[in-house]
Amino acid sequence: MSGQHSDMSQQHSEPAQALLSACDLRKAYGPTPALAGASFAIRAGEVVAVMGPSGSGKSTLLHCLAGIVRPDSGTIGYGGRDLTAMTDAERSTLRRTEFGFVFQFGQLVPELSCAENVALPLRLSGAGRKAAERTAFEWLERLEVDDVGRKRPGEVSGGQGQRVAVARALVASPRVVFADEPTGALDSLNGERVMRLLTDAARQTSAAVVLVTHEARVAAYSDREVVVRDGTVRDMAGAL
Amino acid sequence: MSIGHTLLGLLESGPRHGYDLKRAFDEKFGHDRPLHYGQVYSTMSRLLRNGLVDVDGIEPGDGPERKRYAITEAGIADVGQWLTQPEKPEPYLQSTLYTKVVLALLTGRSAAGLLDTQRAEHLRMMRVLTDRKRGGDLADQLVCDHALFHLEADLRWLELTAARLDRLAKEVGA
Ligand SMILES: Nc1ncnc2c1ncn2[C@@H]1O[C@H](COP(=O)(O)OP(=O)(O)OP(=O)(O)O)[C@@H](O)[C@H]1O
Ligand SMILES: [Mg+2]
């Protein structure tokens with residue numbers, strides 16, 4: 001891991017290495033620019049922490065990278081394609097098949113059991129109910145919450161629910177996991193646990209993780225960090 | 001940390017030789033910084049002088065580490081008192097970092113750059129500790145966590161200071 005920092009300077013000059021890269025993103029909500037020329041790149045298997053003050057544009061950056069929000073200008077390259085040039089339907093397919101998501105809270109479907117929630121991405125991709133459920137339980141076990149599989153999200157603790165959400169984000173073997181304050185609602189111990197499990201699982205599957213967090217202890221699970229300030233990205237490794 | 005009190009505390013469960021004390025200390029509390037025999041020797045001499053330990057026997061051969069020490073009643077009372085007393089919280093008011101920031105402002109250098117560099121360095125250290133935690137046992141985790149929480153506190157200070165540099169520059173007359 002010690003090589004990560006020195007490798008970084010090459011990343012911008014060799015974007016071909018990057019799995020997902022954004023160049024000069026701009027996005028304004030009314031008169032306020034949320035992103036003002038933000039660039040970012042992440043390689044396969046890499047965990048990058050996105051830090052910075054509240055309102056600096058971290059979530060907006062993540063939403064653009066994930067194809068949830070379309071930037072006003074700039075390009076987003078993923079697997080040789082430009083996300084900003086895709087149709088909504090194409091981007092939604094991409095999100096379902098290649099990306100996984102973990103947010104701060106409220107992302108589980110309350111009417112489904114935890115196991116059904118985890119199985120959902122597989123079901124949407126056409127897997128049979130039995131097979132999807134089996135895989136779901138494997139992931140729940142990996143995240144040490146298989147005992148809540150039959151419960152509804154409303155019947156489990158915040159920490160358990162968050163681990164279920166991590167299982168759901170990883171179950172369909174995404175190439176990129178987007179996590180926006182995944183530990184924001186958890187106490188230190190559960191936060192650490194979620195981070196360890198998330199990064200271990202991502203490393204095992206070589207998924208890249210874009211991890212938005214304002215907590216340094218959470219960011220310490222990443223391979224490197226970038227800092228967003230006023231809608232632009234500062235690459236901390238590059239600054240050294 | 002008070003090495004004297006720690007060695008005393010280790011003696012409470014029974015007499016030990018100097019080398020055994022050192023080994024127990026290093027194993028439980030040494031982590032990055034194992035004790036020197038010299039430290040053990042000078043500490044034990046002091047404890048002996050103050051009546052907190054007795055020499056319980058001496059193994060044949062040379063060297064102070066061959067003495068077998070036993071804790072005295074006074075020693076047990078001393079450990080008890082040390083454990084009861086809270087540690088003085090250290091607010092680091094004269095922080096080197098604060099001094100650097102102000103000096104950077106006063107000399108027209110980049111205080112923001114200094115803070116950014118420090119921030120990256122703190123996070124780098126936090127990564128090392130986090131990695132160590134992954135593979136470690138509970139004792140490792142607790143020791144690393146203590147360091148991590150402190151580094152995190154520093155890092156928050158770095159962030160806050162970065163956000164208030166303009167005001168600080170005015171106040172220190174830069
Ligand atoms: N949907 C929206 N409509 C209007 N303004 C928005 C919207 N989303 C974000 N903004 C604005 O864009 C700016 C950046 O917001 P963003 O959510 O990206 O910040 P952030 O870095 O994620 O902050 P936080 O750490 O508080 O989550 C803010 O000024 C915010 O008010
Ligand atoms: Mg946000």
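How many residues does the contact take from chain A and from chain B? The contact takes 24 residues from chain A and 18 residues from chain B, where contact means heavy atoms within 4.5 Å. This is a predicted model, in which local features need pLDDT of at least 70 and side-chain atom pairs count only at pLDDT 80 or more, while totals for chains, interfaces and linings use all residues. Residues are numbered from 1 along each chain as its sequence is written, chains are lettered from A and ligands numbered from 1 in the order in which they are written, and side-chain values use heavy atoms, with hydrogens and water left out.

**Where the chains meet**

- About 1,800 Å² is buried between chain A and chain B, and carbon and sulfur atoms give 53% of that; buried area is the accessible area (1.4 Å probe) that two parts lose on being put together, summed over both.
- A:Ala216, A:Arg217 and A:Ala220 supply 29% of the area that chain A buries against chain B, more than any other three residues.
- The rule finds seven salt bridges across this interface (a side-chain nitrogen of Lys or Arg within 4 Å of a carboxyl oxygen of Asp or Glu).

**The sheet in chain A**

- Four strands form an open, antiparallel sheet in the order 2-1-4-5; strands (E, at least two residues) are DSSP runs, numbered from the N terminus, and two strands pair if DSSP finds at least two bridges between them.
- Strand 2 (32–42) and strand 5 (81–82) of chain A are the edge strands, each pairing on one side only.
- Eight bridges join strand 1 (residues 20–29) of chain A to strand 2 of chain A.
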